Amino acid sequence: MNLLNGITFSIGYNMIMPFVGIFAIKLGANNYEVSLINSLPALMALIGILPATIFINKAKNVFKFAYVLEYITRSFYLLVALVPFMSKFRPEAVVLFVGLLNLPAIVAGMCWQSFMSDLIPEEFRGKVFADRNIWTGVLGTAAVLITGILLDRIKFPYGYQIMFFIAFLFGILDAYYYSKFHYVSHKKEASASILDSLKTMMQSRKFIYFSLASFIFTFTWMMAWPIFTIYKVDNLHANNMWMSISTIVGSVGSILTYKWWANLADRKGNGIALSISTLLISTIPALWAKVTSLYVGAAIDFFGGMATAGYTMLSLNWLLELLPDHKEKMNYIAIYTIVTQFAAFLSPIVGTWFYEIVGYETFMYITTVLRVLSSILLFAVALYKTEKTVLSKGGA
């Protein structure tokens, strides 16, 4: 069920999310509205994480709560498909719906992380997540390719509406398979409060350093995201087919390297392997600085997929490795998510503002330097040695 959940999620997600930016631009979105597509979801997550965590800690059936949120999340795909029927505020509606869907999605994702840490022993996580990522990558890539071809052949906006509606149907299947996980709830423990976990966390130095370094890397990583979309559409004149090619070559790069990253993590540890991936990611803006051809851009996106595969897979593995016992696990995940989502909210807005001040090439080179520095911080965290004794309330 875990694999089926991942496959249906990937197909639905890849039929809508790679094309939301160009969809919004065609509806009249400006640069800042495109940046909000990246940043507003993180703001929604920030608003909802703490109340949701408190509710989860008190809920009798967290698993049911999580898969209901999955159904709610995927329903926003349908709302995005209906936007062209609106007479006014269509770009704003796309931004709003994409932002709002992340509120239930981020909470459901936090629950999924907790479930996976319970269901899959640490020694098997690398292989399990690598296999899942390979299959979801292959089928997600096929979904992107087919969607990109059809969007350029079907009259605007009908092609988008059809594809987004099909994405909604796959999203419902994704939620259904989520609900069928063979997860047995543990006997309800007395949950620690967020405040108690913050006090305990002060003794879990490696988790704190990991969270802070993740904040800095997320900020430097995501500040260029909207600029890539803007540059491809406005300067390189990318259509839907080229946007799908960008996603596809990145996915192929990821698929080819998931097992390599998993093996590297087994040999060197999650922290070192993840840090290597962030160093490779750091070079991408510099490579894009002089690009004038979509073909060259596709080659860089392929390399980006190879580098990003390590980060997307191993950041979860490293987080799970640093989590404390079951009682405080959800609180730690919530705090880590708040930290990274705060960076994800600020970064695209700051990045767009900075890009309009300094220009494209300068922005890309400065972003590269900032990413390299944040990658060095992650290396430092990976090399940081903790005491061998494990605290009674979790942490190390």
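Confidence in the protein is lowest in helix H8 (residues 194-201), where the mean pLDDT is 74, and highest in helix H13 (residues 284-288), where it is 98. Across the protein the mean pLDDT is 89, with 93% of residues reaching 70 or more. One stretch calls for care: over residues 388-396 pLDDT stays under 50, and the model has 20 contacts there beyond four places in sequence. Where pLDDT is low, the predicted coordinates should not be read in detail.

Now take in the whole protein. Its secondary structure comes to 16 helices and zero strands. The radius of gyration is 20 Å, close to the 21 Å that the globule rule gives for 396 residues, so the protein is as compact as a globular protein of that length. Along its principal axes, the C-alpha trace spans about 60 × 40 × 35 Å.

What share of the 396 residues counts as buried? The figure is 57%. The accessible surface comes to about 17200 Å², and 68% of that belongs to carbon and sulfur atoms. Among contacts between residues at least 6 apart in sequence, 89% join residues at least 24 apart. As for charge, the protein has 29 positive and 20 negative charges, and their mean positions are 3 Å apart.

Next, turn to helix H2, which covers residues 17-26. Eight of its 10 residues are buried, so H2 is largely enclosed by the rest of the structure. Among the buried ones are Met 17, Phe 19, Ile 22 and Phe 23. Ile 25 also sits in H2, but at 22% relative accessibility Ile 25 counts as partly exposed, because buried means under 20%. Not counting residues up to four places away in sequence, Ile 25 touches Val 34 and Val 233. After H2 comes Gly 28, whose phi is positive, near 110 degrees.

Phe 89 lies in the loop between helix H4 (62-82) and helix H5 (90-119). Is Phe 89 buried or exposed? At 60% relative accessibility, Phe 89 counts as exposed. Its backbone is worth a look too: although Phe 89 is not a glycine, its phi is positive, at about 55 degrees.

His 237 gives you another residue other than glycine with a positive phi, here near 60 degrees. You will find His 237 in the loop between helix H10 (225-234) and helix H11 (240-268). With a relative accessible area of 61%, His 237 is exposed.

A further loop, between helix H6 (122-153) and helix H7 (158-179), holds Pro 157. Look at the peptide bond that leads from Phe 156 to Pro 157: this bond is cis, with omega near 5 degrees.

Our last stop is Val 339, in helix H15 (residues 326-358). Which residues does Val 339 contact, leaving aside its neighbours within four places in sequence? They are Ser 211 and Phe 215. Val 339 and Ala 213 are 126 residues apart along the chain, yet 9.9 Å separates their C-alpha atoms.

Notes:
Residues numbered from 1 in each chain as written. Predicted model: local features only at pLDDT ≥ 70, side-chain atom pairs only at ≥ 80, totals over all residues. Heavy atoms only, no water. Helix = DSSP H or I, 4+ residues; strand = E, 2+ residues; numbered from the N terminus. Rg over C-alpha atoms; globule rule 2.2 N^0.38 Å. Buried < 20%, exposed > 50% of the residue type's maximum accessible area, 1.4 Å probe, protein only. Contact = heavy atoms within 4.5 Å. Areas by Shrake-Rupley, 256 points an atom, 1.4 Å probe, with all protein chains shown as cover. Lys, Arg positive; Asp, Glu negative; His and termini not counted. Charge placed at Lys NZ, Arg CZ, Asp CG, Glu CD. pLDDT = per-residue confidence, 0-100.
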